[in-house]
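Hi everyone, thanks for making time this morning.

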Amino acid sequence: RLVKDRGPSSGQAAVVSQSNMAESSVLDQSEKAFQKQDNVFIARTKPVTKGRGQRWVKSIGLAVKTPKAAIEGNYIDKKCPFTGNVSIRGRILKGVVISTKMNRTIVIRRDYLHYISKYRRFEKRHKNVTAHVSPCFRVKEGDIVTVGQCRPLAKTVRFNVIKVEAVTDANATASKKAFRVF
């Protein structure tokens, strides 16, 4: 909507409103609150000279490339390690996705062997880890993901997806509960 101002500078107000509308239509607004990147000033009066609107993207390091969808996308996610205010530090883990039912959060299964010294044998164990997944990744159940530790994002979420290795559909259904050591 364009709101007209009934003052002497109504033409200028319309131009500002139109530029704000053009900028906000580029952003994905699917939440109740207005979503924006903290590092980008969106109320510019002059148009951006680049081909697209402004977007702030960073490299997280750790020999992980920034996904193309994060650079060229128009989603807003403050918990994304590439476009938000989250740094990856601490542990880097791998696991199999077992649930994608939550909004922007997945559950991964990490299998490991535990040694029982009395019997001199190993037993199979697993842990489930919840991780935030940015909209720049398309994750399905059965995919192998690499997650990095970050600050607490929710009550149980302390990891963020940084890389996805897609698995074929035939392997995904068979490997959901199968034991895998990475």
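**A walk through the strands**

Let's start with a parallel pair: strand β3, residues 121-132, is joined to strand β5, residues 159-165, by two bridges. If you look for H132, you'll find N160 of β5 standing opposite. Please keep in mind that this is a predicted model. The mean pLDDT of the chain is 80, with 76% of its residues at 70 or more. Residues 1-25 have pLDDT below 50, and beyond near neighbours in sequence that stretch makes 19 contacts in the model.

Back to the strands. β5 also pairs with β4, residues 144-149, this time in the antiparallel sense and over six bridges. There, T146 sits opposite K163 of β5.

Now over to β1 and β2, an antiparallel pair with four bridges. M102 has T105 in β2 as its bridge partner. The two strands form a hairpin with two residues between them, and R104 takes a positive phi near 60° there.

How many bridges link β2 and β3? Twelve, again in the antiparallel sense. T105 has its bridge partner in β3, namely H132.

Next, the nonpolar core. The largest one has 26 residues, and those with the most contacts inside it are F82, I106, V145, V147 and V161. Each of β1, β2, β3, β4 and β5 supplies at least two of its residues, and β5 gives the most, with three. For a closer look, take V145: among the residues it touches, leaving out those up to four places away in sequence, are L93, V97, I106, I108, V139, V161 and V164. The list also includes K94, G95 and K163.

Finally, the residue I promised, D77. You'll find D77 in the loop between α2, residues 68-72, and β1, residues 92-102. Is D77 buried or exposed? D77 counts as buried because its relative accessibility is 6%, and the cut-off for buried is under 20%. Leaving out residues up to four places away in sequence, D77 touches T83, G84, R104, H132, S134 and P135.

Key:
Residues are numbered from 1 along each chain as its sequence is written. This is a predicted model: local features need pLDDT of at least 70, side-chain atom pairs count only at pLDDT 80 or more; totals for chains, interfaces and linings use all residues. Side-chain values use heavy atoms; hydrogens and water are left out. Two strands pair if DSSP finds at least two bridges between them. Buried means under 20% relative accessible area, exposed over 50%, partly exposed in between (1.4 Å probe, protein chains only). Contact means heavy atoms within 4.5 Å. pLDDT is the predictor's confidence in each residue, from 0 to 100. A nonpolar core is a set of buried Ala, Val, Leu, Ile, Met, Phe, Trp, Tyr and Cys residues joined through side-chain atoms within 4.5 Å.
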